[in-house]
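Please have the structure open as I go through them.

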Amino acid sequence: ALFCLCYNIGCGAFAKSSLVKFINGGQTIEKIKVGFLMWTKAGGVVNKGLLNRRLAEYNEYAKIA
């Protein structure tokens with residue numbers, strides 16, 4: 001799940017993301033979900049396709065978390 005997100009948003013953006021900070025900081029799974037959902041906008045507007053993709057990635061992550 002994290003690799004897919006990194007591939008889609010770019011390694012630089014991923015490395016600096018709040019999501020990585022949440023994971024490395026031991027945040028709750030709910031907070032980590034928020035981190036995934038921060039990457040759902042295109043042109044400043046929530047994109048349904050990106051929302052669905054991030055939810056799928058989060059669900060994969062949550063299976064092993």
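Leaving aside residues up to four places away in sequence, Glu 57 touches Ala 1, Cys 4, Leu 5, Asn 8 and Phe 36, where contact means heavy atoms within 4.5 Å. Before I go further, a word of caution: this is a predicted model, in which local features need pLDDT of at least 70 and side-chain atom pairs count only at pLDDT 80 or more, while totals for chains, interfaces and linings use all residues. Residues are numbered from 1 along each chain as its sequence is written, and side-chain values use heavy atoms, with hydrogens and water left out.

Glu 57 sits in helix α5, which spans residues 48–64; helices here are DSSP runs of H or I with at least four residues, numbered from the N terminus. Its relative accessibility is 6%, so Glu 57 counts as buried, the classes being buried under 20% relative accessible area, exposed over 50% and partly exposed in between, with a 1.4 Å probe and protein chains only.

Which side chain does Glu 57 meet in a salt bridge? The partner is Arg 54, at 2.7 Å from N to O, taking a salt bridge as a side-chain nitrogen of Lys or Arg within 4 Å of a carboxyl oxygen of Asp or Glu. Both residues lie in helix α5, 3 residues apart, about one turn of the helix, and both Glu 57 and Arg 54 are buried.

The whole structure holds 2 salt bridges by this search, and Glu 60 with Lys 63 forms one of them, at 3.1 Å from N to O. Because Glu 60 and Lys 63 are 3 residues apart in helix α5, about one helical turn separates them. Glu 60 is partly exposed, at 44% relative accessible area, whereas Lys 63, at 63% relative accessibility, counts as exposed.

Notes:
Helix = DSSP H or I, 4+ residues; strand = E, 2+ residues; numbered from the N terminus.
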